[in-house]
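Let's work through a few exercises together, one step at a time. Keep the sequence and the model open beside you as you read.

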Amino acid sequence: AQPDGMDIYAVSTAVSDGRGNFPPRDWFAAEGWSSPVLRDDLNNAAVFAYGAGGFPFVVYLDGENRVLARSAGELPADVIGKLTVTVERT
């Protein structure tokens with residue numbers, strides 16, 4: 001669930017036809033993703049610019065687009081909820 005007052009964007013990166021989430025457009029649709037999706041370039045510049053360490057990779061930004069936190073790998077919903085509350089308070 002998307003917290004009130006928070007925008008969520010996805011970056012489709014490391015795209016490969018050998019993965020189960022290919023093509024990304026179909027995968028996002030099947031997952032019910034309704035937030036904007038940005039497409040990374042073929043060199044994965046966006047994911048490297050944010051220092052990704054695995055997938056999924058999440059970057060939490062404040063209202064001024066400053067990086068507040070990062071997380072890599074799948075996290076349980078309750079952990080994500082606690083992290084977003086912590087980020088909102090900083």
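**Exercise 1: an aromatic group**

Trp 27 has a relative accessible area of 35%, so Trp 27 is partly exposed (buried means under 20%, exposed over 50% and partly exposed in between, with a 1.4 Å probe and protein chains only). Before going on, please note that this is a predicted model, in which local features need pLDDT of at least 70 and side-chain atom pairs count only at pLDDT 80 or more, while totals for chains, interfaces and linings use all residues. Residues are numbered from 1 along each chain as its sequence is written, and side-chain values use heavy atoms, with hydrogens and water left out.

Task: find which residues form one aromatic cluster.

Solution. 
- Step 1. Start with the rule: rings of Phe, Tyr and Trp (its six-membered ring) pair if their centres lie within 6.5 Å; planes under 30 degrees apart are stacked, over 60 edge-to-face, and the rest tilted.
- Step 2. Applying this rule gives 2 aromatic pairs. Trp 27 and Phe 28 make an edge-to-face pair, with 5.1 Å centre to centre and 75° between the planes.
- Step 3. Phe 28 also forms a tilted pair with Trp 33, at 6.0 Å centre to centre and 55° between the planes.
- Trp 27, Phe 28 and Trp 33 belong to one aromatic cluster.

**Exercise 2: a pocket and its lining**

Task: work out which element gives the most residues to the lining of the second largest pocket.

Solution. 
- Step 1. On a 1 Å grid over the protein atoms alone, a pocket is an open set of points with protein on both sides within 12 Å along at least five of seven lines, and lining residues have an atom within 4 Å of a point.
- Step 2. List the lining: Ser 12, Val 15, Pro 23, Pro 24, Arg 25, Phe 28, Val 37 and Arg 39.
- Step 3. Place the elements, which are DSSP runs numbered from the N terminus (helices H or I, at least four residues; strands E, at least two). Helix 1 and strand 2 each supply at least two residues of this lining.
- Helix 1 gives the most, with 3 residues.

**Exercise 3: loops with something to notice**

Task: say where the cis peptide bonds are, and which loops hold Ala 14 and Asn 44.

Solution. 
- Step 1. Pro 23 sits in the loop between strand 1 (10-12) and helix 1.
- Step 2. Another cis bond joins Phe 55 and Pro 56, with omega about -10°. Pro 56 is in the loop between helix 2 (45-49) and strand 3 (57-61).
- Step 3. Ala 14 has a positive phi near 55° although it is not glycine. Ala 14 is in the loop between strand 1 and helix 1, and is buried at 18% relative accessible area.
- Step 4. Asn 44, also a residue other than glycine, has a positive phi near 60°. Asn 44 lies in the loop between strand 2 and helix 2, and counts as buried at 18%.

**Exercise 4: the whole chain**

Task: state how many helices and strands there are, and the pattern that they follow.

Solution. 
- Step 1. The protein has 3 helices and 4 strands.
- Step 2. Along the sequence, the pattern reads β-α-β-α-β-β-α.
- Step 3. Of the 90 residues, 19% count as buried.

Conventions. On a 1 Å grid over the protein atoms alone, a cavity is a set of points where a 1.4 Å probe fits but cannot get out, and a pocket is an open set with protein on both sides within 12 Å along at least five of seven lines; lining residues have an atom within 4 Å of a point.
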